[in-house]
Each structure stands twice: as structure tokens, then as C-alpha cells.
There are 2 protein chains.
Amino acid sequence: MIQKNIIVNGVPRNVFVDQEATLAKVLREQLHLLGTKIGCGEGMCGACNVILNGKLARSCVVRMKRLDDGAQILTVEGIGTPQSLHPIQRAWIKHGGAQCGYCTPGFIVSAKALLDANKSPSREDVREWFQKNRNACRCTGYIPLVDAVMDAAKVLRGEMKAEELDYKLPADGHIWGSDSYYPRPTAAAKVTGTIRYGGDIAVELPPDKLCMALVQAKVSHANIKGIDTSAAEKMPGVVKIVTHKDIKGNNRINGLAFPSNKGDGKERPILCDSKVFQYGDAIAVVCAATEAEAKAAAAAVKVDLEVLPAYLSVPAAKAPDAIEIHPGTPNVYYYQYVRKGGETKPFFDKGDLVVAEDTIITSRTPHMPLEPDCAFGFVHDDGAVIVHSKSIGVHLHKVMIAEGLGLADDKLHLVSNPMGGTFGYKFSPTNEAIVAACVMATGRPCYLVFDYHQQMQYTGKRSPFYGTIRLAAQKDGKLVAMESDYDVDHGPYCEFGDLLTVRGVQFMGAAYDIPNIRGEGRTVCTNHSWGSAFRGYGGTQAQLISEIVVDEMAEKLKMDPWEFRHKNAIRPPATNPNSQTLDSYAYVEMLDAIKPKYDEALKAAKAGSTATHKKGVGLAMGSYGCGLDGPDSSNAYVELHADGTITVCTAWEDHGQGADMGAVGTAHKTLTPMAVAPERLKFTWADTRNPVSGPAGGSRSQVMTGGAVRVACENMLAGLKKDSGGYLTYDEAKAAGKPTKYDGTFSVPGVPLDENGVGKPFMVYMYGVCMSEVTVELATGKTKVDKVTFFVDIGKVNNRLVVDGQLWGGVAQAIGLALSEDFEDIEKHKTMLGGGFPYIKDIPDNIELRYFENAREFGPHGAAGVGEIPLCVPHPSILNAIFNATGARVRRVPALPERVLEALKNKA
Amino acid sequence: MIQKNIIVNGVPRNVFVDQEATLAKVLREQLHLLGTKIGCGEGMCGACNVILNGKLARSCVVRMKRLDDGAQILTVEGIGTPQSLHPIQRAWIKHGGAQCGYCTPGFIVSAKALLDANKSPSREDVREWFQKNRNACRCTGYIPLVDAVMDAAKVLRGEMKAEELDYKLPADGHIWGSDSYYPRPTAAAKVTGTIRYGGDIAVELPPDKLCMALVQAKVSHANIKGIDTSAAEKMPGVVKIVTHKDIKGNNRINGLAFPSNKGDGKERPILCDSKVFQYGDAIAVVCAATEAEAKAAAAAVKVDLEVLPAYLSVPAAKAPDAIEIHPGTPNVYYYQYVRKGGETKPFFDKGDLVVAEDTIITSRTPHMPLEPDCAFGFVHDDGAVIVHSKSIGVHLHKVMIAEGLGLADDKLHLVSNPMGGTFGYKFSPTNEAIVAACVMATGRPCYLVFDYHQQMQYTGKRSPFYGTIRLAAQKDGKLVAMESDYDVDHGPYCEFGDLLTVRGVQFMGAAYDIPNIRGEGRTVCTNHSWGSAFRGYGGTQAQLISEIVVDEMAEKLKMDPWEFRHKNAIRPPATNPNSQTLDSYAYVEMLDAIKPKYDEALKAAKAGSTATHKKGVGLAMGSYGCGLDGPDSSNAYVELHADGTITVCTAWEDHGQGADMGAVGTAHKTLTPMAVAPERLKFTWADTRNPVSGPAGGSRSQVMTGGAVRVACENMLAGLKKDSGGYLTYDEAKAAGKPTKYDGTFSVPGVPLDENGVGKPFMVYMYGVCMSEVTVELATGKTKVDKVTFFVDIGKVNNRLVVDGQLWGGVAQAIGLALSEDFEDIEKHKTMLGGGFPYIKDIPDNIELRYFENAREFGPHGAAGVGEIPLCVPHPSILNAIFNATGARVRRVPALPERVLEALKNKA
């Protein structure tokens, strides 16, 4: 230990530290300045940015020994407070710069450092700055961040008043609609670093809290012969080492397998007992007073393993000599079929049709949220075990883990924290059951915060599809038949692997009028990372495969890809692959609207291409459903309080996508007759003690939970309406014996697919058409996306800041998926840089969005969802643009330079 | 555990708490809002004030279960920041409202609540508010706090601009002098709650820190037969239980006994081994991960005691059958004599002189700082044990504890934290050696924070004097002789008990020209709380005794007390009791100046007295020395840095008295030729690695360490002076090969008393004349001080805010000493209320100060000290005023109502 006299936010502080401790840890855990976040923890993301002696520094890589006495440190807390926002913070709110908000303090500190040095940066200067300083954002696509810096700079130059940045309610008081830039309710807390994420709350738990450290498998497949905790138990600070023997229930996560699944869905242990199924699997957990003590003891736990062959891909797991990963369940454990129209074989056999066929392999994409996975739990004084985590399906996860833990329904509650992004990985339980087990074993509050390598190696990933599509078209270009055949590598755990496989037959070719379809998908168990949801879930993979083959068909037909799509776009009364009529047929309208831009882009690409750098334009179109699959429902209540505030209570998990705004915006719109000031509406964080709203995934929440909020508000309007006009106040309602709390339930009449893939899986869909413009450097194969034009029909828009942000951010992830992101190599890909995280210069500053607001019958006030659509459409347009630029067809994402080079070679 | 959703400083926070935890603990230890202080911990001091749902609340007594969800909490951090001060905070700085600063956040929060409710309070409204809400301040005498609230209210009403509250440097740039209200350098940190005291830093220590809990004696005297830690060692979280067996050295605090002391000064154990000597003595220490674990295990340590008779007073310890408390050393272990002029016996025997004689008993006054004792320590990476505490004598304490711990000189360093007041109790080591022992035994950072009962029961107290004085005067009133005889109850530990006894012969009757003096003082060992320094140290007790007898003599002579004092006040060339010529003979000048006020006060008292309430006026005068005793010296250095700042480095401990301002003001004055902006001067916290400056007690620091600073600055001026005029900059000095660091040493040629009490113990003295006006309620005996007029000669004034604050605050303590404060009953007096802490309504809003600035030869720029003088003069004037009002003579302080009633009865 050493002492340092430093000046933090203008205040001299004597700090007593391990000289090897990082500044970030000291700021957070000792000085309790929790606005400084730890993301990657290795200098790759900037969430921990501070200004150190006037210069921007990533505090997670600054060791305390490097600080001189007198060092000046500015953290986000020193920039502004909720009561006194800095212009940068006001601009961040105005532009919706904070979605999950986890990167926000680091960006704001970074922007402060930039503007301290240069009050008149250009947009490109701002982008260079954020690139140089590795400021990573996973939500926004960076565009609103640059907007915010440009506006803040204006204020700092005196060209704009700071107040001009603040939201002004329009005269009619509305905050719903595509003209509404009402800031989300959590914005001020996010831009000031005062919102508390799980890892922050862990620091703030009572003094008897215990830090958890996992003992994890370092192999991908093994039998467990023994677990020896005896030496570790004697180590300092160790309170308990928890193994499967301490689990009170059946120690299994319930994967909620479909009836036709060949497994029972209960193959995933809470803590490994007989086998290790994937790298990182948790075998034991040390609960100790401090992180250092927990980690030291975890390293001392001895595990005796019989290593088995690791099946890290579909071919390996399907090989004839492969053993069953879960003994008794075949490695191919689920089949899904689709049969629409007539048999397709004759079309392909006849020979008079043009046939296009290709096999595409998609990636095991890592979600790479800025915030690593974290959770904490405790025994409530009412006797229940409470676990707070990044769950985006609190009620769902409770069902999945309660039996495994041996807890009755009223003895377990799950709550979702403010979260630094999930993008779907938290549709699966990760740490919840492990934390609960430790809480139960120790009786004390326990917390588990992953480092970034654990986030990468031991949370679910997007499951790769190995997919083959055959299309048959008449010579005039009219599609007549499609055949699909695909395997889904879902890793070792089945959870929703069957559901994901269903998505293939729902979305392959779904944008087109294809009268005859046959297809088969299979779910495959492997020893690579388990499959979890990721934005676009299945639609991403399905439409990547089909949109590439569609482009190939246009090529075969010598038709322009736009022409081909326009000709075959689904129009009334055609049905989708599941023989369902659509809720909006907007493709033709969107294609027509994009056409002039497309023509211009083609011309520009031709003009801009050089001998070394080829420019190209690619198109794609597609859709995604808003819902779980089949029938779906959600619940909410609204409650008027004495102070005039109204709680909008749901279990709508906010992982940064804007549940707060979704709930408040929908309620406000519905309550228009009551003329409620928007700040009177209070959002609730998701909790299993709230109404069952279903998970926040699959773009279902605005539709389903928004629907429940609408119904609850309508019930309140009816209940509080006065005969004389106007509405009862709280006091009046109480006096009149009227309720002040109103429930709302909303359901949709969906129909799950039958054995032929026929049904109405979703009652609301989103649609999009996307054009990407790229430059490919021939010598290196490096692809740069120059511009994205993305037209969407997501029904009526609730809030523009939210949907713009979701789309920009989703496009950025689509670019990452197309070009860089991967988690195939467990070692190489375990960091943000290794995993191909897209930084600001990887994302064009030019992403043009347009909304085609066709009202949805089943959406509240006509709204559909938004989150998944940008991961269902843009990425194939990038692959198609690479082909347009170079003639090289990349058949596996990410289209890394080496893959593009290889495709260029194959073409020749 | 439960969850509460509360709004703290405008930010919604989910907190997870023990429902029995107090809000103060949760704010501090979980939410890390360390501006909220814990003082008494039982609702008696307001240091923990917050605004809860719009109302002021003492957060140390608010249990979390009492908070509703949605509760709004405002702490000092939500009121303003160093960068953005609230008008209340600016006014607090302007008026020097923060001395030690520990009560400051609580007062500022309280003032905010008041001004939120009432923007136009009268001074009396403010006083009523602080009284009603039990806002306790121990430093300021409350006057500047009311001033600050009145000014802040003006700003909030819009009658004054906030900027008008801010300090403006005069045109000539000076900050030295009685016209200077330059705010002390730590002011902004104190008013914003951002300065970190020991208990705050304990919260901020690295995660491997251990909480210490003492196993303390619950009896006052016992032999220790055994200490059984076996059960406690197995309890959760316990890392180590430290007993005397773990101490590496001789386990003794070195009390630095005088050679003529009958003990060796090494009777105090670090941790008790063979005996318990007083209630609260530490027998063992549990070091555990959390406070709860440490306390639980401490309660489980079993101590086998043979209880011995407890000698809790001088008569008990001197009784013939009393055993030796420290076997081998008599209970009366030190004698001090004074012999001036001729033998005195003949004067008293002759019978032609008027003789006055009385015996007065002073109190075991508790210091009652707002901040309970605290410390922490760790092993530095350089191998040394570092202990941070409230030490006001870091080098002194190191000498006292190093051998006991078995640490070499370079293996122990002591550092003083920002402190919430000591008023002298930390002139003794308290926890330093115990913390060091635990650090050595565990190798981990350890901290020990007392609760208020521990502060009261297990820190040193002002030692009671049992004193008899006989005066002989001619019939014309001229004093000719004095005899004194006194015992000092120093508790069980000798540390400085001999020195304290010396003070009796130095200050009894020291204000008068008494040609013949004989006296004897004795130091007595008892089993009550050990004696430690307290402002006025010895001078307080000595002059209380002699000033009462002086008043009695005037009464006997039928002379007005002013006339008697004026006649006998020491004038040149008379010498003091130690036959020393004074450095300033200001009594006559001060008495003349106070005379018109005295006449007016007497008239008003007569007019104001009623049958039930008697008013009276009392006088007292006295002095105190600035120094340790005999020769004294101090060291400092000043160092110019590249950024133009100058470190003023000393080990001048700041316990709230203003070491920061003392060092900076003295340096600035000396460096006038260099025209240094005052903010360029940097104060250092005391540390044994700094130059040896001696302890911050006995009002010596401004003289001695101020002198060293002056010399260092003069050396810098000489070293950096350019031949061409002006001074070298840092770069110029480096280029010219000149030093940038300059040492300064200052010594005074004092002479300690010889066996006859002759010497020059101090080369600089302070003098004062005080008049108190009181009202006594005859039915109850309750005394109220209506006004205090205090004229002082403290030489030249460095900074007016500091000296006004020291005097107001000291007068308030003198009132407490006179009327309410006591620690005789170990149980009853263990709280602030029980100990008689003076609240605002106990202190008049009218304390008039006047400075007679006679420059001191040995004071830097003519300054003397200030801290002790208000506890050497005002308190006897109150006792004399009670007599003047009622004719009742109270002979024991505090003059509690029952003692006044008894004196009234005795008079009759």
C-alpha cells in the first residue's frame, strides 16, 4: 500500500491504495465515484475515461503508482450533476446519446477533453477523437454522439444558449409520435453517471456482502471426476465454497424445450456436476469478503477432469463417431419443416427454370455489451431470495431456475437492474441461479461481476446457421419455388434452440412472394458457446442466407437486384412462408422510394471506383415479427397517487432499448384526455413482483406490454371519468370510493406453426429495405461501409429519439456482423478488439433513416416494435454490396479482409 | 435485508439495506455520501443532518425501515459543490463558520431546511432553530454560524448578490493582519462535505481493510487473570484477535516522565497485560472484515478479572489504605514547588493583613469534539507501518509508542488526518499504538472508529485540581503574599501529569503583582479517566482557583473587584510567580478599556434583577504561555515548484484551530516582497516525514512553527533574490543552480522551572481580561450567561477569522466548563447531553472581543498564540458573576443548578 495525494474533481484527496490497483478501481471502490464505469477493463472501450492532468485517460489501465502526488483527476461527477448539467450533458440528452448509458460517462468525459482542447471541431474531428481514444458505444451507432458534441461545442463557443438544448413540450402537450424528441426518463441520470448499474450497486451493498468468484472449466468437454475445495476453504476471507452439492433443487436450468424436442430441456446444470459441456462452465463458486480473496481461493480449487473430444462445430457434432454430448439425447435434437404450396422438387428437376443455390455460414456473433454480466442477490426479510441481474425476462427466468434451486414460487424474485446493454444475451439466464445458490448457501448478500473475458467466454452467443437455399425463377424473373436446408449450432444448451430453428422457416425468403416452399431446419448440440438470443434472433441468420441467394438469382437472371426484388416483393394477397397474410405490405412502397437513391448510388460507385478501391451498392429487404411465437400476452397496471404521479407498472425490462420511454410514451398517449404532464408518469424497473409482462425480446414489448399499458390507461380513463367532464383526482377518487389502480391485459391471437410450418406466429411485423454503399480495397480485402440508407415500416412511432437510436445502433451492429464480429476462437476473440467490436470509424456518419408509418391493428396506437429489424436487413446488403463492387461473393460472415481476398481469388 | 427506492439528492436510488440500519450509515457506508458525518450517533449533535421529505432529520437515528419508497433525501452533497457553492456555503466561508468543519455539513443542511421554510429569520429565529434541532458546534461559539445564515438569507431574498459573500483580496495583496478575513484554505472542502476525516478515509480504504473492535474493561481497577479468545477467533469474518502477546515491543506507552517523577512513565500498556487501570482500558482487539463481525467477536472474548478497589478521586487514591495503582510507584508521584520573594508564612501569621482563603475543585472536563476518536493504519510498501489519526503531536507520539511496538525509527510514521476537533485530548496518544499493533499482526489495513460513548469513556480528560489558595493583602488592597496547595487527579497514566502540575505554580495568581509566593502541587494517580491536555491546560484550573479567591479577597476588603484587580495587576517591573519579566504588561490597559463597560454592566444588572432572577457581573484576568516549557523549537521548509506553487511544509497539526491558515498566513506575510498570490501557498498535513514542528498544543504553533515558517521564507527570499531586483522563478533558480527548497528552524531561549519554580518557561504569553454578565434563577439555581466581554492581548493578529473563531469558541467552552460540562460519572456523563455539551442557547449571541496588539519579540511578525487564552480567563468571571448576582460562592465546577442552589443555601 501507498498513499497518494491527488485532486479529484477539484477536491484534494488522500488515498491509500495498492500501488498496482487501477485508477478505475480506486475511483469506484474506494472513492465511490461510480460514474466511472469499467467495461472491457483493458483499455479498449473508454467507459472508464477520466481526465488526468488535463489529458484523457482510460483509468482501467492506469496503475496508481503512475500517478504523481498532486495529480488532477476529473470524472463525470465533476462535470455536472442532475441539478446542474454541463452543456455536453444537455446535448447528450437532446440527441438521445444515452441508450443503455453505460458508455455515456466515458464519452462525456472524452468529449469534455476534446472540447477543452478544441472548441470548434468538425464532425470528422470528433470521430477521429473518439476513434483515437477508443470510445466504444454499442447502442447508438455513434451518430447522435457526434451530433451532441457539435451542439455542445456551439454552446461552449457562445453561439447557442445552453437552454436551447433542453426539451420543450409542444403547446398541445403531446410526447407521442415521430415528431417527438422527448428525452427518455432515465436520460439525466445516465449523462451524469448517477444511475446505478448492477456492478455499482454491488459496491453499495451492505458491509456483509460477499464477492463471488467462479471456478470455471478451461476445457470444452469433460467428465468431472472430483472437485476438491479443501485447501481453498482455508484461505483468508473465504466464507463458503459452493458446489453442486449445495444446490437444494435438481441443479438444472429448465430450458423449456418444445414437446417435439428430443431432449427434455434440463441438460444445463446450475453448477456442473457430472460433466463440463463448454469452456467456462461453472464448477464451483467461492464466496469471500473481497474480490482478491475470492479469486485467490477460486484458483486453489482443484478439479479432476476426464477430457472428452470437443465438438466445436456442426460437422464435428454430426460426425458419425461423435458421442452424445448429453448422453441419451442425440446431438441433432430438433427438426423444423416448412411446406407451402406444392412440392418444390419438380420445379428444380424440370430444368426450364433458372435456379440459384448457395450455402452460407453465419457467425457465432458476440453481443459485446459495454457492461460485463453482473448480478447480486440477498435474502429478503420476508424470507424470499432476491436476485438482481441483467435479466430481460424476469418472469421467464424465474420459471427456468426456481425448480433447479429448490425454491417455491414465493421464495424467489428476480429483478432487472439498469443495464449496460444486453442485445439479447440476457434472454437466457446467466448468473441468476448461481447467485441465488450462493445467497442460499451463505445467507448473506452475494455479488458476481464478470470481467470482459468472462463476458465473452461464458455468456450465450448468436448461434451460427449453416444454411443452403435453392431458388427457382421463371426467365422473366418471377420466383416460383424455394428450398431451404439448415443446421443451427446452438452450443451445449437447448434453451430456445428449437424456437430459434423455427425462425429459419419463418424468415428465409419472407420478403418475397414465393408460392411454393419446402424446407428443413435442425438444431445441433455442440461444445461451443451456448446459443442465446441476439437482436434479430434467427431472422438475422435466415435473411442473410436468403438475401445473398436472392442477389445471386438476380445475377443469374442478369436482372438488376432492385428490379428483381421489386418484381418479387410480397404484395397482397400473397402470404409469407408460413402462409400468413401480412399486417403491412410496404416493400413496394419502400423500394419505390429508395429507387432514386439507388440509381444515384450506383452511378457514384462506378464513378468512385479506382483500380485499387472498388465501390459497390447492395440491397436487401426483410422483416421480423414482434412477439414470442403464436399467442402472446402481457400485463400492466397504472396507479394514481396522492401527489398526482402515476406509476406505470410493468415488468418491461430496460436493457437500454428504452422501456422507460416505451411505457411512459404509451401511457401518456393513452391518457391524453387526462392531460397528464409527462414527468408525472413513473416507470418501474422489471421485477417478478410486478405484473407478468413477458420478456423484453423479439421486439415484442412496445406491442405487447405497450398494449397492456394502453388497456390499463384506458381502464383508468373509464374509471376516473367524471360525469361532469374531466377526471377525478386522487382525493376525489378516494372520496368517491373509486379505484386509483387499474390493471391492463393485452393478448394477440397468434397461432404457432404446425408440423408443416403453417401458422400465424406474429400478429405484428416490422419491414425494412436497406441499401449499403461500400468501398473494398482490393489489395487487402478490407471493406468500408460508406453509407447506409435504411427505410423501415415499424408502424406508428412512439418516440423519435428512441427509434432513431435503435436503428442507428442496430445498423452499426449489422455492419459489425457483416464485417468484423466473431466468437469462434475462444482465446483470440475474448476481448472487444479480438471480437471485432465496431468503433466509430467503422460506422459511417451517414445512415439515412425513413419511416413508413403504416398503423398496426395490434400495436398500441398503431405501433410495431423496432429493435430487431436493423439486424434483419442491413447486413446482407453489405455482403451484396461487396459483390457489386468486386464480383466476389463472400459466403461466410464476418467478411473479414482475408475472406474477401479469398472470394476475390475464387472469382478469378 | 430489504430494498428501498429512495431519491437522494434528486437521483432515484435503489438501496439494499438492513432495515434496522440507520440512514446515516447507509448514506455513508453504502451510498458513500461521506459529507454526512456521524458525531454522537444518538441524535444529540446534528452532524448527520439531512433533509428528509422536506424536513430536517438526524439521519443517525432514522432507521431504514422508517423510510417510505420514494422518500426524498438531501445531503450536503446535494446542496453545492466546490465548483458551485450554495449561498449558505459561501456565507459559511465568509464568516469562518467551518473551523474543524465536522459539524459544518450538518449545520449547512440545517440552515437550508430553515431557509427553505423561512427566508427572513431573525437572529433569534436562527438560534431557536439550531437549538431545537440540536445542532452542536464545539469550535465556533455559534456566533459566526448565525452571521452566515443571516447573510445567506439576504442572498436568497435577493437583497445581496452571492458574489458579495466571496473574499476579495485587497489592492496591496496582503492577507496578514487583524483586518484580514482571508478564508482558511480548507474552507471550501469543509462547507461542501468533501474534506475527508479519518472515519471517512476508513470507508475509502482498499477492500482488504479490517475493522477493529476493542475488548474493553468494564471495571476501573483489576488484575487480569486470563484472556480467552478461542471462541471469538472462530466467529465469521474474524481475521485476528490481537492481545498484548502480539505486541512486538515492551507494550508500553512512554509517558516521557520528568526525572523527578517517582514513576518511570512506562506504566501505560498498549494493550492491558497484568492489570486494568481504568474503565474502558483495551484488553484485546478483534480485526474482522466488517464492523458487525468485529463487534460480535469482541463481545465473545472472555476476560478473567480480579476486581480491585477503584480510586476514583484524589482523596480515595491518597487514603492511607489505598494500594499502589502501579505497584512500586506511590499514588502521589510528583511534586512541584514555587518559591518567590520571602517566606509567606509570616504574612499569614502576623494578623495585620487581610487574608482570603478558599478551596476550589475543578472538573474532569470532557473535550467533546464532534468527531469521535478514529484512526487507521497500513504497512507501506517501503516496509514502514503508517498510522493516520487525530494526533496533534505526530513526532511526539512516535517517540512515545515506537519502543512499545518494537519498531525502529524508520519503520513507523504517524500522520494527522483532517480532524473534527480535539481541543487537546489528542496531545496524548490514544489509538495509534493499538492500530499499529493490529496492522503489524495482520499485515492489512486496519481502522478503529470509536462510538461516542467510547470517545467519552476512553480518551483523556481535563484533570481536576483540588486547590487551596491563601492570599494576604494590606488593608489598602495591595497583595503581599500568596500560598497555594493543590493536588492534580491525573488518572492512571502519568503522561505529562508532571508538566500539568507545573502549570499550577506558573499560573495561579499570575496576573498580579504578588511579591511573595510559596506553593506546592502534587500529581496523584487515580483510576478515573487518564488526564490529557485540554485547551488552557493547567492555566484553566490554576486561574479558576486563584481568580475566585482574588474575588473573595476583594469582597473581604470591601473593594470593587475591578478596583482590586486594577490595583494589583502586574505592572513593570514586577515579575510573575516564576520571577520572570513579562513580554507584555497589558492588564492595566485592558482593565481601563473595559471599565466603562463594567460600570454599565453593573448598573444594568442591578436594574435588571428581580425577586426571582438575579443578574450579576463578574471579572477575571489571566494569562497563558505559548510553548511547551523551557526551551522550544520548530522546523519547517518552503519549496517552490515549477507550477509556481510553494509548499509550506511543517508538521503543524490542524485540529480545527487553523494550522492551514497559520502556516499560509505567516508564509504569505514573510514572502510579501515576492508578491505571491495566496492560493499559490500549499499547506501540508502533519506527518512524521515532515520537519519536526512539535505538537500543536499550548498555543505554541503560531509562535514556534510560525517562527520556523518565517525563517524558511526569509531564507527563500535571500536565496531567490535577484541582484537586479525581484526574485528568481523556479526555472530561473534551477538554471542558476540555486535551491528551490529552504529550511527554517526557530528556537526560543526558555528556561524550565528550577526546584523553586523559578525560570522562563515561556518566551511569549497571551493575556486577557474578561467580564461576564449572568442571570441566575433563584428557584432553580440555573445560570444563564447573557453577555461576555473579552479583551485580549495575543500580540499581532495573523487572521481575524481564525482568532475571532478561536476566541468565540473558547469562550463557549469556558461557559460549558463553568456551568455544565463534566465527566465524573462514567455512565451518566458518557453522552453529549450527559456530559453537558453547550448548545447554541447556552452561549450568548453577544460575545464582544477586542484585540490589544502588542507585538511580541519572539512571535513571527509580532504574533503570539490564541487557542488557550479563552479557557484561562472567562470561566472564573462567570463564577464571580454568580456571586455578584446572588452572593453565593460556588466552589466546584461545573456550577450546575444544584450546586448553585446549595451555595445559595450555604450563604443564608
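Buried area, as I use the term here, is the accessible area, taken with a 1.4 Å probe, that two parts lose on being put together, summed over both. What you see above is a predicted model, in which local features need pLDDT of at least 70 and side-chain atom pairs count only at pLDDT 80 or more, while totals for chains, interfaces and linings use all residues. Residues are numbered from 1 along each chain as its sequence is written, chains are lettered from A and ligands numbered from 1 in the order in which they are written, and side-chain values use heavy atoms, with hydrogens and water left out.

Let me begin with the interface. Between them, chain A and chain B bury about 3,400 Å², with 56% of that on carbon and sulfur atoms. On the chain A side, A:Met1, A:Phe16 and A:Glu204 supply 20% of the area buried against chain B, more than any other three residues. In terms of contact, meaning heavy atoms within 4.5 Å, 40 residues of chain A meet 40 residues of chain B.

The rule finds 4 salt bridges across this interface, a salt bridge being a side-chain nitrogen of Lys or Arg within 4 Å of a carboxyl oxygen of Asp or Glu. The side chains of A:Arg13 and B:Glu204 meet in a salt bridge, at 2.3 Å from N to O.

Leaving out residues up to four places away in sequence, B:His413 touches several residues, including B:Val385, B:Lys398 and B:Thr688.
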